[in-house]
Amino acid sequence: MIAPDLESAIDRLRELVEDARVILPFTGAGISTECGIPDFRSPGGLWTKNKPIPFDEFVSSQEMRDEAWRRRFVLEESFARAKPGRGHLALASLHRAGKAPALVTQNIDNLHQNSGFPAEHIVELHGNTTYATCLDCATRYEMGWVRKKFDAQRRAPDCPACGGYIKSATISFGQSMPAEPMQRAENLTNACDLFLAIGSSLVVWPAAGFPLMAKQNGAGLVIINREPTEFDGIADLVVRQDIGDVLAPFIAH
Ligand code: NAD
Ligand code: ZN
């Protein structure tokens, strides 16, 4: 059912939330656009400006690593300045109310953590761009450190510990999905009775398989996204409104 307007969307969502025992929020870039971080696929989104650099190009070319880091530094200001939005705050409230024990996100912006949702209960399917790691030994490096090295030597730095390549801690296209988060996401999906897909175009696989898995497992499915998604037809509630507007009433003050 597609909610006809904002008010009825909120009313219906409230009922579903009240009836649910275990809610699993599943979030994509759309929850962070009001925080000043563009999504990929909306008009003007990151996708239209820069095609992502696939993993094999990153590891096979110093030039591509330099380019990847230059692009990352351009985005640094938006990432560093972004504060959690109304959607993030609402989900943190649902967590504190005992309704949403954990969440799964495709986002890499750290805003769920910043909203007060405990980090150990956030499953990041695509990693986190607010820090970097060595691809070989997994040592963590902070953005400021990478920036300093890059500026000093005018090229992407390698790991001082092992010589491996240093990459923002995200999963690139062509890079295999992290096994542990995928397993946790699957377990959470199977354990929830209400799955909230929020701000994801639901086209990136395998992440997009989770709403389907939830539905097949008997959970209710709510999709909040201003554009239609492939799964709208099987959802119990489809809300094509602004995420912040829809979720603001769920923020506990
Ligand atoms: P996407 O760009 O494919 O889809 C975002 C969806 O959100 C779009 O369908 C758009 O219509 C909708 N949307 C945007 N703002 C909205 C709003 N205010 N209200 C309602 N709907 C809104 O994003 P995705 O499916 O999450 O996948 C892209 C991948 O790119 C992610 O998996 C992630 O790894 C990465 N990414 C992350 C960020 C971030 O961390 N904030 C930003 C861009 C891309
Ligand atoms: Zn290393």
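What is the volume of the second largest pocket? I computed about 170 Å³ for the second largest pocket. A pocket here is an open set of points on a 1 Å grid over the protein atoms alone, with protein on both sides within 12 Å along at least five of seven lines, where a 1.4 Å probe fits; lining residues have an atom within 4 Å of a point. Grid points are joined across faces, edges and corners, and the volume is the space filled by probe spheres set on the points.

**Conventions.** I note that this is a predicted model, in which local features need pLDDT of at least 70 and side-chain atom pairs count only at pLDDT 80 or more, while totals for chains, interfaces and linings use all residues. Residues are numbered from 1 along each chain as its sequence is written, chains are lettered from A and ligands numbered from 1 in the order in which they are written, and side-chain values use heavy atoms, with hydrogens and water left out.

**Pocket lining.** I listed the residues that line this pocket, among them T133, C134, A138, K167 and Q175. Helices (H or I, at least four residues) and strands (E, at least two) are DSSP runs numbered from the N terminus.

**Sheet.** I then traced the strands behind the pocket lining. Three strands form an open antiparallel sheet in the order β5-β4-β6; two strands pair if DSSP finds at least two bridges between them. Because β5 (140-142) and β6 (166-170) stand at the edges with a single partner strand each, one side of each lacks a neighbour in the sheet. The twist averages 45° from one strand to the next, with axes fitted to C-alpha atoms (for helices over the stretch in contact) and angles from 0 to 180 degrees between N-to-C directions.

β4 (residues 127-134) pairs with β5 over three bridges and with β6 over four. T133 has R140 as its bridge partner in β5 and K167 in β6. Helix α7 (residues 143-153) packs on the sheet, touching β4, β5 and β6, at about 75° to the direction of β5. In the hairpin of β4 and β5, with five residues between the strands, A138 takes a positive phi near 65°.

Is β6 enclosed or open? Five of its five residues are buried, so β6 is largely enclosed by the rest of the structure. Buried means under 20% relative accessible area, exposed over 50% and partly exposed in between (1.4 Å probe, protein chains only).

I224 is in contact (heavy atoms within 4.5 Å) with residues including L13, I198, V239 and L247, its neighbours within four places in sequence left aside.
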